[in-house]
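Please work through each task before turning to its solution.

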Amino acid sequence: MSGMNLTLRVWRQKGPDDEGRMATYKVEDVSPDMSFLEMLDVLNDRLIVAGDEPIAFDHDCREGICGMCGMVINGVAHGEQRATTTCQLHMRHFKDGDTITIEPWRASAFPVVKDLVVDRSAFDRIIQAGGFISVPAGSAPDAHSVPVPKDSADAAFDAATCIGCGACVAACPNGSASLFTAAKITHLGLLPQGQPERDSRAKAMVEQMDAEGFGGCTNTGECTVVCPKGISLDAIARMNRDYLSAK
Amino acid sequence: MKYTVGEPIQDTKAPEGPVEDRWDKRRFSAKLVNPANKRKLRVIVIGTGLAGGSAAATLGELGYQVTSFCYQDSPRRAHSIAAQGGINAAKNYRGDGDSIYRLFYDTVKGGDFRSRESNVYRLAQVSVNIIDQAVAQGVPFAREYGGLLDTRSFGGAQVSRTFYARGQTGQQLLLGAYQALERQIAAGTVTMHTRHEMLDLVVSDGRARGVIVRDMVTGEIETHLADAVVLASGGYGNVFFLSTNAKGCNTTAIWRAHRRGAYFGNPCYTQIHPTCIPVSGEYQSKLTLMSESLRNDGRVWVPKLKGDSRPASDIPEDERDYYLERIYPSFGNLVPRDIASRAAKNVCDEGRGVGPGGLGVYLDFADAIRRLGRDAVEKKYGNLFEMYERITGENPYDQPMRIYPAVHYTMGGLWVDYDLQSTIPGLFVIGEANFSDHGANRLGASALMQGLADGYFVLPTTVGDYLAGSGSFGEVAQEDVDEAVDQVRGKIQRLLAVQGDRSADSFHRELGKIMWDYCGMERSEESLRKALELIPALREEFWRRVKVTGTNEELNQALERAGRVADFFELAELMCLDALHRTESCGGHFRAESQTEEGEALRDDENFAYVAAWEWNPDGTPVLHKEELEYEYVKMTQRSYK
Amino acid sequence: MIDRGEATDSVRPPAAHSPKKPTKPAAKTGRFTSTNGKKAVMAVTGAIMVLFLIGHVLGNLKVFSGAQSFNDYAEFLRTAGEPAVPRRTVLTLVEIVLVLAVGLHMWSAISLARRAAKARPVKYAAKRKNQAGGYATRTMRWGGVIIVLFLIWHLLDLTFGVANPAGSAGLPYDRMVQGFAPERWWVTLFYAVSLVMVGLHLRHGLWSAVQTLGLASGRTRKGLQLAAAAFSLVLVIGFLAVPFAVMIGVVK
């Protein structure tokens, strides 16, 4: 079976200070079983041999869990395939002759480092503000000392599956990090272990989110649709509640 | 490739006496650092996975000045995050006969008697604390309706001691460690450098005193000095190019430390995981693991007929060979990884493999769906099934999954003593980067346990003991720093100067193929000698023809990869040499020459009950130091899972 | 020789590469000036305006009970509370609350919109495909602007009578009937278009307010969104009933 021929329009930007532009590449004989990133690997290999600079993009585990990869494909964060990170998107979802537009996450809190690579350290700083339970190693009581209702544990897990990829921010017309921040507030706030710091956590994380220059949430729901882990808007409602009622 | 045999090496740190008292004894004898002094002491931690992340956080909590590095854009992305199945702990919450001793026993036996009893016992002891710690941090483990923790039995264990968080246990545990780390960053005890890669170790006056790192955004070569250096940089499975490791996983940190004098323990011990999604084509960049927990309910089979090309559903029951159940009636589909992997290879070698190229076997859930119902199966494995479908485009509810073994974990790594200290004083190695605890084969759900045991509980004690003597450390000699920096710059310049016509990836792929074919699931003297011819030739070609675009002074992924591949070449040779010298079969290391009549691995305890610790020798002939292994508690027996 | 421990921080020059090194927040925001706080302000002020609209539409419908009933109702609004408080006290209070609500609602909206524009300064080259939101969600901002313009016209027309054929001296019923007279079809059209905008605004705004105040949950979300849509529809029909009744001569 012969592969697909595709045209790629890719954002190229040498560095943070470069203006950047869209560049066009042709890739031939793309197998439908390839992942999207493997398709870019093939292109990059060819670019290197030709002496051109390969397209820089972030990626690591390539199994949809590390959250490092992420690009806006045809205007949609991680592409149109639902619940799928870029690395797990496969070329069988494209057709021969397609033109694919590939851009970096766009948000002023995620400045472009190079090509499709952006700086997401703002997320780490939001976690630093309070996305944890303070428990130094060795100080924990027996794991069974506090039973956790299964429903709470399951709901906490659902929120905790966030991989911190930033697709929610990329998709949000307001550039808001609400879904990311809310997922952590929800995860920890649903567990008995997270109660002592629940108020301070919600306040500190929301305020850090603002300080990083993310926009506000207008409940458009774009974030939850592109979220590879399907984090629900419930998390944002919970964040709002916790924030407003925090002492 | 030649080698010489040097002086035997000994683990001088493990206390004597009953095995259950040794860790207590060691903790008590460890010297303490006074809190005021801790603030003045610097510790560098390379890597932010379960081991490195938990170590950096804990050292920060204790009051040390910690500097942490990772090559990813955030410490949360380390590849521990991809571990699916679970984490073992001897909690015996089920009352099913588990105990610290049983976990210890299973791990020593599972490691095919090539690990240290003292280390493994400590691991089993500490496992209990890990679960407590993780739960307190808010790790959302699976729970029963009563609110208590759920467990399952996992890869080769007959008790239910594996704690899990759906199929994302590694993610949840790593996020726990990451959050603890971020808390310390906010508190100012840990300074985090993301997108930084360690390229060399600074050794001064015989002690590890710092690292040379490259800022992967600017290309700047930076020197960071400290009183102790901790490597938690993970395993080197990517030497095979195709593995379940993340693309960025590499050997550079430990390899550079090895070249600076740290011995490399058992480099040939590689774990091949039996349940991965098979390769689909030449362009394949990595392999994806399907959690081994699938084997709890899935049945592994191939057609009885060679070259049977019928779709699975058309093959009647009596023409299927459920080979694991047939060969190993008492463990069936749950035999340890090494055994399951090799059995799959054997049936494929017989021409009975399924899927493209005949490199696959079926993992069938039809029975489980009939027995438990589709909903129950979906609840247990839903996310894994979805992942499989995303990658292969096939629906595992309707047709069996195809799986094939893939490189997954390296039991080998830098040699460390009971204190997790390498042969370079002040250089500690934890997690997958060291060689300890798993012997020749790691049991499922034990990697998370080891990484966190090292980081949260063992290292913070033993580093303190070392640092208590820091008063006698001298100043770091400038010439030692300059020499390391020159080395690093020199290598980068050489890579950029070649300007050949092949990408680093293409060499890496070729190297990986050599390793898989000749130093993979089954090794022989002939195959290893062949590899030892091919690798140096390819390495020579690499240095002649590699093409690295761009410059050092920018984000340059081509340069990063080329540097890593160059180190993989050197490591690959040592792996083959180690595999060649160990003429026995044990655990993940299977020598065709050493098998029982039934084709099982045959150990040679008389000649090989030792750890092979290799010393780097600049003239190219490594020196082998043997650490004899003694078993006082677990009697050495031939493993049998029949 | 290098001082132990010094190199870690000093080796690295103040690098310009990473545009966002750990920074302390420039100015800490307070409970109501944070993005979440502003959203809460919008939600609460929005809710106040919705309550007003409910009263408004119920009052409007009195038109169908005849001129007397309608004018009496209008008079009652002015005399409510008498004699305990002077004429128009209650109405003035309501007006003040409404003006405040509109003002705060707009202030929050404008500052959040400006913030959003700053947070997402670069547009995607690929034509953006909205993945989730309906039309109502995307028209909140422009819809809001149209509603404000309408509100101004509406007050001039029917409240102050400046732009009304019956003039400011006319009785409310006359202003209504003459304002929506068939020859002034364009007024009715503008009114209708604007009310549809109000409906859309409410359809997203109502459930959005509930979500913003943290009162929504997964179980109730679908129901809430449906209820918001149904409520908006009923409200718009209620408002449109009057001008159309005037236009087709049912009310004269």
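**Exercise 1: a sheet and its helices in chain B**

Helix α12 (residues 447-467) of chain B lies across β2, β11 and β19 of chain B and runs at about 155° to β11(B), where helices (H or I, at least four residues) and strands (E, at least two) are DSSP runs numbered from the N terminus, and where angles run from 0 to 180 degrees between N-to-C directions of axes fitted to C-alpha atoms, for helices over the stretch in contact. The model is predicted: local features need pLDDT of at least 70 and side-chain atom pairs count only at pLDDT 80 or more, while totals for chains, interfaces and linings use all residues. Residues are numbered from 1 along each chain as its sequence is written, and chains are lettered from A and ligands numbered from 1 in the order in which they are written.

Task: Determine in what order the strands of the open sheet are arranged, and which stand at its edges.

Solution. Step 1: the order of the 5 strands is β7-β3-β2-β11-β19 (chain B), with parallel pairing, two strands being paired if DSSP finds at least two bridges between them. Step 2: β7 (190-193) and β19 (427-429) of chain B each have a single partner strand, so one side of each is left without a neighbour in the sheet. Step 3: the twist from one strand to the next averages 20°. Step 4: β11 (residues 228-231) of chain B is joined to β19(B) by 3 bridges, and V230(B) has F428(B) as its bridge partner in β19(B). Step 5: helix α3 (residues 50-62) of chain B lies across β2 (42-46), β3 (65-69), β7 and β11 of chain B, at about 165° to β2(B).

**Exercise 2: chain C and its contact with chain A**

Task: Describe the elements of chain C, and find which helix of chain A supplies the largest share of the side that touches chain C.

Solution. Step 1: chain C has 9 helices and 0 strands. Step 2: UniProt, in an unreviewed entry, lists residues 40-59 of chain C among those given as "transmembrane region", an annotation that may be inferred rather than shown by experiment; this span is 100% helix, with its end C-alpha atoms 29 Å apart. Step 3: the contact takes 48 residues from chain A and 43 residues from chain C, residues being in contact if their C-beta atoms, placed from the backbone, lie within 7 Å. Step 4: α8(A) gives the largest share of the chain A side, 8 residues.

Definitions and conventions. Contact = placed C-beta atoms within 7 Å.
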